[in-house]
Amino acid sequence: MTDTARIPDKPALEGLESVWGDAWERDGVYRFDRSSATRERIYSIDTPPPTASGSLHIGHVFSFTHTDLVARYQRMRGRSVFYPMGWDDNGLPTERRVQNYYGVRCDPSLPYDPAFTPPFAGGDGKSTKAADQVPISRRNFIELCERLTVEDEQQFEELFRQLGLSVDWTQTYRTIADEALFTSQLAFLRNVERGEAYQALAPTLWDVTFRTAVAQAELEDREQPGHYHRVGFHRPDGGTVEIETSRPELIPACVALVAHPDDERYQPLFGTTVTTPVFGVEVPVVAHHLAQKDKGTGIAMICTFGDVTDVVWWRELDLPNRAIIGFDGRIVAEAPDAITTEAGRAAFAELAGKTAYSAKQAVVEQLRASGDLVGEPKAITHPVKFFEKGDRPLEIVSTRQWYIVNGARDADLKERLLGRGREIGWHPDFMRVRYENWVGGLSGDWLISRQRFFGVPIPVWYPLDGDGNPVFDEPIVATREMLPVDPSSTAAPGYDEAQRGEPGGFIGEHDVMDTWATSSLTPQLAAGWERDPELFDLVFPYSLRPQGQDIIRTWLFSTTLRAELEHGVTPWANAAISGFIVDPDRKKMSKSKGNVVTPAGLLAQHGSDAVRYWAASSRLGTDAAFDPQNPTQVKIGRRLAIKVLNAAKFILGFEGRADAAVTVPVDRSMLAQLAVVVEQATRAFESYDHARALEVAETFFWTFCDDYLELVKERAYGEPSPEQASAVAALKTALSVLLRLFAPVIPFATEEAWRWSNDGSVHLATWPTVDELAARHETGVELLELASLALTGIRRAKTDAKASQRTPVASATIAAPAATIALLETAAHDLRAVGRIAELGFTEADDFAVRDVVLEVAPA
C-alpha cells in the first residue's frame, strides 16, 4: 500500500540525483553479483573508456546514455549485468595536457628529482611556448601524468554518477594501472611467441611535433593550400621529361620516375634513365599500375618518401632509400650518397637544417635559376595527411618499429576478420560496411610502438655486441613472472643492472605501446583475463560493444583483431554505434572547431533526466543536432519527468488497491492499449531501438494523462464501489507499468515516484510484460481511443464558444456507427462526468462526430 507520508507536497526534480545516486551506491543496486550469476543470465558490456584528459563533452553524455539505457533494460529483464567503467589515461592527449597544465616537458636524459614542484598548475598552457616549458625527467613527467589523470577521472566519475549511469563502480580499471600493464604486455608477448608481432626498419608515418610514429588508423586528410610545380628531368638525348609535384624539396630524395604501364606517351621511356634537375642524379623510368595517367603530366617522381604511395612504389619496385627528412621535420645534414657532383652537393648543403617548408622555397629558387622550373607554380588545394591530434603535416621517415599483423599482408587473416564482422549484430546494420571497408583497405600491418613517455612499456631488451651496438634482430623478451615491467629501469633476464649500456650487455626498449594496443584489450582488462579466470569465463565474449562511429576503424577493429589472434572468437555478440553530436549548422562538435558543449551546466540547469531524455530520443547511428541556446528536446524531457511525478502523486492519492478487479470496459480498454505499448517497447529494446521504445511509451503516457486520467478521475474519487475500485486499480496498474517503461530513460524521477508505494528500487523491478496485463483486459483498445475522440470534440466545442473547460454542457450528441455506439455507451458515465454533460445522447451515422453541443449559461 501507498505510504502517503513518503509523497512530498510539491514533487520536484531538484536534488533527486544526489538523493538516489547515494542510495543506489549504498544499497549496491547496480552491483554485479558474480556469486549467483550464470553464463546464460549475464549481460556483459565492453564499456568505452573515455580519455582522461581535460573535460567530458556533450557527446560523452549522448553515447554513454545510449549504453545505460541498454544496461537498465537488461537488468530489469532479469539479467545479471556486468557494466564496468574504464579510464583511458595513457596516450598523447594526456601528455599534451600535462605539458599545458603544469608548464613542463619531458627530457629523458635528465635525472629524477624527488623534490620537483611544477612551475604552475591549472593553466591551459596555450600562451606558453614549448621552449619556455621546464624540462623534467621521464619519471617526474610520468608522476605528473598519473597525478592529473587521477584528478580528471574523479571529476568524470562524479559527472557520470550525476548523469545516472548504472555502472558498477567497483568494476573499474585504468589503462596505465599495473593490471592493464600486465594484460597489455602479456598479450604482446603472446603475439611475439606466435609470430604475430615483429620489429622492422621501414618507412614510418611520423609526426614531427610529437616526435612519434603514427599508425594508419590515426590518420586524417585535411585540405591544405599548396602549389604544383612543373619540373623538367633531363634525358640522355638532350630532351626533357616534365613532371608536376607539390613537393619539389624532395627532388634530392628522388629514386625514379613512374608512369602507368598502359600510357603510350611514356612506354618508350620504360627501362631508360633520366637525370634529376639541380642535383644531377641518374634515376630509372619505371611502370606501375598506381600511376595516374590523368594526373598532372601522367608521369610522377618517386621520392623517399613523399606520401604513402611512394612507400608502395619503393617497396614493390625494390628501389633505394634516399630519405632526407629527419625526425624533427628538417632536412638532414648529410646528402644522399647518390648525389655525387660538386654542384649537386653544394645545392643540397643550402637545404640542410631547413624545415620542409623553407626547403621547398629554396629548391624552387634553385630550379628557377637552373631553368628547370617550367612556368610558375600553380596554386592548388589538396588533401594532406595529418596525425588526428597533430597540427603539422606528417612526414615519412625510416625508423625501427614494432608491428602486429592485421590482415593487410595475410589474406587468410583478413578473411577471418571479415567473417568476425559478419558474426556481430550491428545496430544499425549499415555500420557493418564501415568495418568491412576498413579491413579491405588496410595497406600495412599495425604499427604499435610509439616514441612517448606515458604509456605501456614494450617488454623487450636488446643485447649489445662487443662494440656496444644493439643486436635488434635478437630481442630479449620478458617472462610472464616479470610482468608488469619497464625495460628502462629493470635489467633484462640473465643480466644485471651494471651491464646496461655496456659492450656485451644490454639496453632496454624505450618505446611504449600505442594507446590502442591497450584499449584493444578492454574486454580482457575489465574481465580479468589471466588474472581472474572465473570472471573472464562468465563475461567473455561480451554481449555488447557500444561506441562511436568514428572509432570503428580503431577501437572496434583492433579489439576484434586481438580477440581473433588470442582467442579465435568474436569479442561481442552486438555492436551499438552512436551517431555524432552536431551543432545547429550540422557541423560535428569537436574541440578543434571550438563548438563543444560541456554538460555540467546543462545537467545543473535542466536536470539529468531531461538531458537523458534528449539523448534517448535519438536512434543509434543517427547524428543529433544540439543547440545550447535552445535545447528543445531537453526541455521536453524535463516536462515529461515533472509530469511523471505529478501524475504519480495524483494517482497514488486515490483510495484503493492496484490488485482489485478491473471490471469497467473503458478501464480494461486502457490496459489493453497499454499491453500493446509494452509489447512494442519491449520489441524495440530487444532490437536496440531505444528511441522507438521511448516514443511509444511517451505517446501513450500523454494520452493516458490528458484523456484517460481525466475520464475516470470522478469515478476514482467516488464512494467505494466495484466501479470505483476498477478505476483505481487500472490507474495504479498503469502507473506501475509506465514507471518501469520510463525507468531506463528518466531513472531519477521514476525512482522517486516508485518509492512512494514500493520498498525496493524500480531499477531492480521486473520489466513489464504483456502477460501481467493479459488477465485484466478484454475490450479492444479502440474504446479508449473513441472516448478520447469524444472528449476532444466536447473540449473543442467549449473552445469554439470561448468558454472554460469547466463550463457545464446541457446536452451533447455523439453520432457514430452502431458498433461504435455500443462501445461508447459503456463509457457514457465517465464521459458525462468529465465533460460535465447533463444529457448525453447517441445517434447512428456513417462517421464519428460530436455535435449539437449546448452549453449551460451561468445565471448573471
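Biologist: Buried means under 20% relative accessible area, exposed over 50%, and partly exposed in between, with a 1.4 Å probe and protein chains only; which of these is Glu530?

Modeller: Glu530 has 30% relative accessibility, so it counts as partly exposed. Before we go on, this is a predicted model, where local features need pLDDT of at least 70 and side-chain atom pairs count only at pLDDT 80 or more, while totals for chains, interfaces and linings use all residues. Residues are numbered from 1 along each chain as its sequence is written, and side-chain values use heavy atoms, with hydrogens and water left out.

Biologist: Where does Glu530 sit?

Modeller: Glu530 is in the loop between helix 12 (522-527) and helix 13. Helices (H or I, at least four residues) and strands (E, at least two) are DSSP runs, numbered from the N terminus. The phi of Glu530 is near 65°, a positive value in a residue other than glycine.

Biologist: And what is phi for Asp318?

Modeller: Asp318 has a positive phi of about 55°, although it is not a glycine. Asp318 is in the loop between helix 6 (308-316) and helix 7 (342-349). Its relative accessibility is 68%, so Asp318 counts as exposed.

Biologist: Let's step back. How many helices and strands does the protein chain have?

Modeller: The protein chain has 25 helices and 30 strands. Its C-alpha trace spans about 115 × 65 × 50 Å along the principal axes.

Biologist: How much of the chain is buried?

Modeller: Of the 860 residues, 54% count as buried. The accessible surface comes to about 35,800 Å², and 49% of that belongs to carbon and sulfur atoms. These areas come from the Shrake-Rupley method with a 1.4 Å probe, and for residues only the protein chains shown count as cover.

Biologist: What share of the contacts is between residues 24 or more positions apart?

Modeller: Such pairs make up 78% of the contacts with a separation of 6 or more. Contact means heavy atoms within 4.5 Å.

Biologist: Which domains are assigned?

Modeller: There are domain 1 (212-395), domain 2 (465-508), domain 3 (615-778) and domain 4 (786-855). The bounds come from an automatic or database domain assignment. The C-alpha centres of domain 1 and domain 3 are 68 Å apart.

Biologist: How many bridges join strand 7 to strand 16?

Modeller: Ten, and the two strands run antiparallel; strand 16 covers residues 395-404. Ala197 stands opposite Ile404 in strand 16.

Biologist: Thr204 is in strand 7 (residues 197-207). Is Thr204 buried or exposed?

Modeller: Thr204 counts as buried, because its relative accessibility is 0%. Leaving out residues up to four places away in sequence, Thr204 touches Ala213, Glu395, Ile396, Val397, Thr399, Gln401, Tyr403 and Leu447.

Biologist: What about strand 14, how many of its residues are buried?

Modeller: Four of the five residues of strand 14 (residues 299-303) are buried, and the strand is mostly covered. Five bridges join strand 14 to strand 11 (residues 254-259), and they run antiparallel. One of the bridge pairs is Ala256 with Ile302, the latter in strand 14.

Biologist: Now helix 20. How far apart are its end C-alpha atoms?

Modeller: They are 30 Å apart, which agrees with the 30 Å that the 21 residues (722-742) should span at 1.5 Å a residue. The expected span is 1.5 Å times one less than the number of residues.

Biologist: Where are the cis peptide bonds?

Modeller: One joins His427 and Pro428, with omega about 0°. Pro428 is in the loop between strand 17 (425-427) and helix 10 (432-440). Another joins Phe540 and Pro541, with omega about -5°. Pro541 is in the loop between helix 13 (533-539) and strand 24 (542-548).

Biologist: Last one: where is Arg26?

Modeller: Arg26 is in helix 1 (residues 16-27). With a relative accessible area of 60%, Arg26 is exposed.

Technical notes. Pairing = 2+ DSSP bridges.
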